[in-house]
Each structure stands twice: as C-alpha cells, then as structure tokens.
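Please look over the structure shown below before reading the points that follow. They are meant for a colleague who has not seen it before.

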Amino acid sequence: MAGSSHGHTPAAWTGVIIVFIGFCVSGAFIVRAQPVGFWAGMAVVALGGVVGWIMRSMGLGMPKENAAPVRPTAAATREPVAAES
C-alpha cells in the first residue's frame, strides 16, 4: 500500500489528524461520564471528514488521473466437458 501513495496527501493527513483529536476528546469525556463533551468530540470527528473533503475539492488530495483504474472482471465461463471415448 505504501508504494501506491494511498493517502499521502495534505487532505488525507489533515482529515485524519482532526478525526483522531475528536476521537481522543470523545474518549476522554466518555471516561469522565460527561455526554456533552462526548458529543463535542463527535462533532470534531465530523468536522475532520468535512475538512478533508473540502481540501480534496480544493486540489490537495490525490488527483483523479493518478487513481488506480478499476478494471471490470471478466465473467467466469464454463467450458463444455469433453466426453472421453
């Protein structure tokens, strides 16, 4: 996966870092039994996804022409069994 440069873009790094911070905030507030803080952390998680998407839209993500092409798979065909003499 490292050779395909999957996720090595500013948009991906920024989105993941923000989501990770939100995850840590939510986890800390779950331990402290404070639902408001948990939901604030979940809002940060959602914000991370939105920021990553916006940065990708601005051209800071992987260009579409560099993305791996999706090849359709050929349908499996059965060859007729030859009768033995």
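1. For the helix pair discussed first, an axis is a line fitted to C-alpha atoms over the stretch in contact, and the angle between two axes runs from 0 to 180 degrees between N-to-C directions. The model under review is a predicted one.

2. Helix H1, which covers residues 10-31, packs with helix H2, residues 35-60, at an angle of about 175 degrees, and their axes lie 7 Å apart. Because angles over 145 degrees count as roughly antiparallel, H1 and H2 are therefore roughly antiparallel to each other. Sorted by class, the contact of H1 with H2 has 16 nonpolar residues, nine polar ones and one charged one.

3. Val16 belongs to helix H1, and with a relative accessibility of 54% it counts as exposed. Although Val16 and Gly52 are 36 residues apart in sequence, their C-alpha atoms are 7.9 Å apart in space.

4. The loop between H1 and H2 holds Ala33, whose phi is near 60 degrees, a positive value in a residue other than glycine. This deserves a second look, because most residues other than glycine have a negative phi. Ala33 is also exposed, with a relative accessible area of 64%.

5. The count of aromatic pairs comes to one. In this pair the ring centres of Phe38 and Trp39 are 4.8 Å apart and the ring planes stand at 75 degrees, so the arrangement is edge-to-face. Trp39 has a relative accessible area of 56% and is therefore exposed, since the cut-off for that class is over 50%.

Technical notes
Residues are numbered from 1 along each chain as its sequence is written. This is a predicted model: local features need pLDDT of at least 70, side-chain atom pairs count only at pLDDT 80 or more; totals for chains, interfaces and linings use all residues. Side-chain values use heavy atoms; hydrogens and water are left out. Helices (H or I, at least four residues) and strands (E, at least two) are DSSP runs, numbered from the N terminus. Angles under 35 degrees count as roughly parallel, over 145 as roughly antiparallel, 65 to 115 as roughly perpendicular and the rest as oblique. Ala, Val, Leu, Ile, Met, Phe, Trp, Tyr, Cys and Pro count as nonpolar, Asp, Glu, Lys and Arg as charged, and the others, Gly among them, as polar. Rings of Phe, Tyr and Trp (its six-membered ring) pair if their centres lie within 6.5 Å; planes under 30 degrees apart count as stacked, over 60 as edge-to-face and the rest as tilted. Buried means under 20% relative accessible area, exposed over 50%, partly exposed in between (1.4 Å probe, protein chains only).
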